[in-house]
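Subject: A structure to look through together

Hi,

Here is the structure I promised to pass on to you. Please open it beside this email and follow along as you read.

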Amino acid sequence: MKIIIVDDEPLARSRLLAMITELDAGEVVGEADNGGDALRLVEQVAPDIVLLDIRMPGMDGIEVARHLAATLRPPAVIFTTAYDSHALAAIESNAVDYLLKPIRKPRLQAALERATTLTRAQLAGLEAVAQESSTGRPRTRTHISATLHGNLQLLPLGEIRFFRAEHKYVTARYPEGQLIIEDTLSALETEFEERFVRVHRNALVAKAHVRGIERDTQGHQCVRLDGVDDRVEVSRRLAPVIRRLLKSSGGGGD
Amino acid sequence: MQDRVAKLSEDDLFLPDFCDMGTVFTVVVVGALLAFILVLSPVVSTTHWWRDLALNSLFIQWVALSSAGLLCSGRRWLSTLGNARAGIAAYGLILLVSLLCSEAAYWLVARPVMDVEHFIAQAGNSDLVPRSVPMGTMWHLEFLAKNLSITAIVAAVALRYFYVQYQWRSQVQSEAKARIQALQSRIRPHFLFNSMNTIASLTRTSPELAEQVTEDLADLFRASLGDASVPVTLEREIEVCRQYLRIEEQRLGARVSTEFEVDDLPADAVLPGLTLQPLAENAIYHGIEPAEHGGFVAISGGSDDRGIVVRITNSLPDTDARSARQSNKMAQENVEQRLRAFFGVNASLQVFGDATEYTVELRFPYLKDAS
């Protein structure tokens, strides 16, 4: 059984490693100290089980689990945490396995023996937790993930210039290209309302990257964004929103 | 203000401090109002309105200020009696003062005035019946009885008011104290369990480090469970910060680096306990934990002729990670409140920084440990 350990604290990782070795419960094939590395590691080594710390800088454990579920062969997930009353309540209510630090050896053994992949229902439950954090503010993903040719692609939210609904799918555009994702535009709008604004029935643009409004050759109003050449059409009704945004950020006008 | 706070905690008497200028002023104002009421209240209006007001005021201020003076100088004695007996004693004292003042007023003012009036009446028109009635013993007794009754009622109302206010004040105080204690003993549970995990892990690999972390953790908890009202030395408080940051360095590994530039700080200066450690904990919680690539926490300080300055600076994670942890300013506000309660207006907590750094600066006077 291939196991990877994900925790931002080196001593927490070394303790888990030692215990797994003693239990002879499997082979630890890798360690990661943050969510992004963890996802890349999963791609590389295709583990059976991921021991996943909930509280990590950047992408937290809950978000890692959500991205993992999108992979071709999702591994089983066992959460570990020292104390997280809020997240724990949700994890418990969705019957997802977790271990409390300092972890006891028999508990670890039992968890490893019955580790299974997250079900759709459990995942949906976790997503609901992800929406609210202990601070009362909505907790949003830090990355958008998609599988491309069977590989997991991770796109940091800050890179994305706009989301556009085209035909049957939604694309996320970033300077180096675009990614087809599975989320719907309205779900994205709700989750990222602080950073993205709707400019058209079929598009959301990143507020931080808006540079101006201009007219295209057909006379439509379009948003110009930094880093990409594409223009995003703005509906007449929503154009004032962008103008206000430009004014308040002090950016260039038309 | 500070003095009053100190006095309140010094004795537990329900009476306000009558040596305080503010209280004396209130007594004078209330006395003047009472004089107005007494002059305005008769149904048949008197022709000597101003004279009556002046005489009433004079008399009431005699009684009120003498009582206040006695309560001020006798406070130490009263506070040994306990609230119930002190209340009775104060009541008796005020009645006695009123009696003495009434006697004095009768013999020094009323009697001579009436004698003069009597003389004028006799000299002007000897046929008229002299106004001898007010001069009689009956009038004297009635005068004393009236004054004593008024004093008895007013003093009872005032003492009752002081007692109710005292109850309210002590309730507010005990609530505030409970809140401070609750905040103070609130070392983040996440930190406790993570430290336990660190110790569990170190026990295998390096027992000596495990020992040190256990010792540091024990000291930290001793400090946080200690009496909130006992001040500590700056040296001790910085040591608590060092212990706390040592534990975090074990836990977070290479992600955190700490710097101390505290040689210029006077070791014997006093400050309320656990004022710096919560700020160091905040620095780790908001500055280091959310940062993938880690950062630094620096504690520096010095003193000048205006007092002591301590700065706690931490690096900030990049903006993406920052939004995930909204700061609640509770720890910071708590520290500021406790500094102000201890040092008064001379203490301040200021925050400044830019996109990469965050600094909390404390300023407070240099008070040496008295003990």
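Predicted model: local features only at pLDDT ≥ 70, side-chain atom pairs only at ≥ 80, totals over all residues.

Residues are numbered from 1 along each chain as its sequence is written, and chains are lettered from A and ligands numbered from 1 in the order in which they are written.

**Helix H1 of chain A**

Helices (H or I, at least four residues) and strands (E, at least two) are DSSP runs, numbered from the N terminus. (The expected span is 1.5 Å times one less than the number of residues.) Just after H1(A), Asp24(A) has a positive phi of about 55°.

Which residues of H1(A) are buried? They are Leu11(A), Ala12(A), Arg13(A), Arg15(A), Leu16(A) and Ile20(A). A residue is buried if 20 or more other C-beta atoms lie within 10 Å of its own, exposed if 12 or fewer, and partly exposed in between, with C-beta atoms placed from the backbone. The cover over these residues includes strands S1 (2-6), S2 (27-32) and S3 (49-53) of chain A, together with helices H7 (189-205) and H9 of chain B.

**Strand S4 of chain A and the cores**

In strand S4 of chain A (residues 76-81), six of six residues are buried. Ala76(A), Ile78(A) and Thr80(A) lie on one side, with Val77(A), Phe79(A) and Thr81(A) on the other, and both faces are covered. S3(A) and S4(A) run parallel and are joined by five bridges; two strands pair if DSSP finds at least two bridges between them. Val50(A) is opposite Val77(A) in S4(A).

A nonpolar core is a set of buried Ala, Val, Leu, Ile, Met, Phe, Trp, Tyr and Cys residues joined through C-beta atoms within 7 Å. The largest one has 77 residues, and Val6(A), Val50(A), Leu51(A), Leu52(A), Val77(A), Ile78(A) and Ala280(B) touch the most other members. Helix H9 of chain B (residues 234-252) gives the largest share of this core, eight residues. A second, separate core of 26 residues includes Ile160(A), Val170(A), Ala203(A) and Ile213(A). In soluble globular proteins, nonpolar side chains tend to be buried together.

**Where the chains meet**

Two residues are in contact if their C-beta atoms, placed from the backbone, lie within 7 Å. By that rule, 19 residues of chain A are in contact with 25 residues of chain B.

**Two sheets**

Chain A has an open sheet of three strands in the order S13-S14-S15, with antiparallel pairing. Strands S13 (210-215) and S15 (231-233) of chain A are its edges, each pairing on one side only. From one strand to the next, the twist averages 35°. Strand S14(A), residues 221-225, pairs with S15(A) over three bridges, and Arg224(A) has Arg231(A) as its bridge partner there.

In chain B, five strands form an open sheet with mixed pairing, in the order S2-S4-S5-S7-S6. Strands S2 (256-261) and S6 (348-353) of chain B each have a single partner strand, so one side of each is left without a neighbour in the sheet. The twist here averages 15° from one strand to the next. S2(B) and S4(B) (residues 295-304) run parallel and are joined by six bridges. Thr258(B) has Val297(B) as its bridge partner in S4(B).

**A serine in chain B**

Finally, have a look at Ser195(B), which lies in helix H7 of chain B. Why does Ser195(B) count as buried? The reason is that Ser195(B) has 23 C-beta neighbours inside 10 Å. Leaving out residues up to four places away in sequence, Ser195(B) touches Val213(B), Leu217(B), Ile247(B) and Arg251(B). Its C-alpha atom is separated by 8.0 Å from that of Glu248(B), 53 residues apart along the chain.

Enjoy exploring, and write back with any questions.

Best wishes

Key
Axes fitted to C-alpha atoms, helices over the stretch in contact; angles between N-to-C directions.
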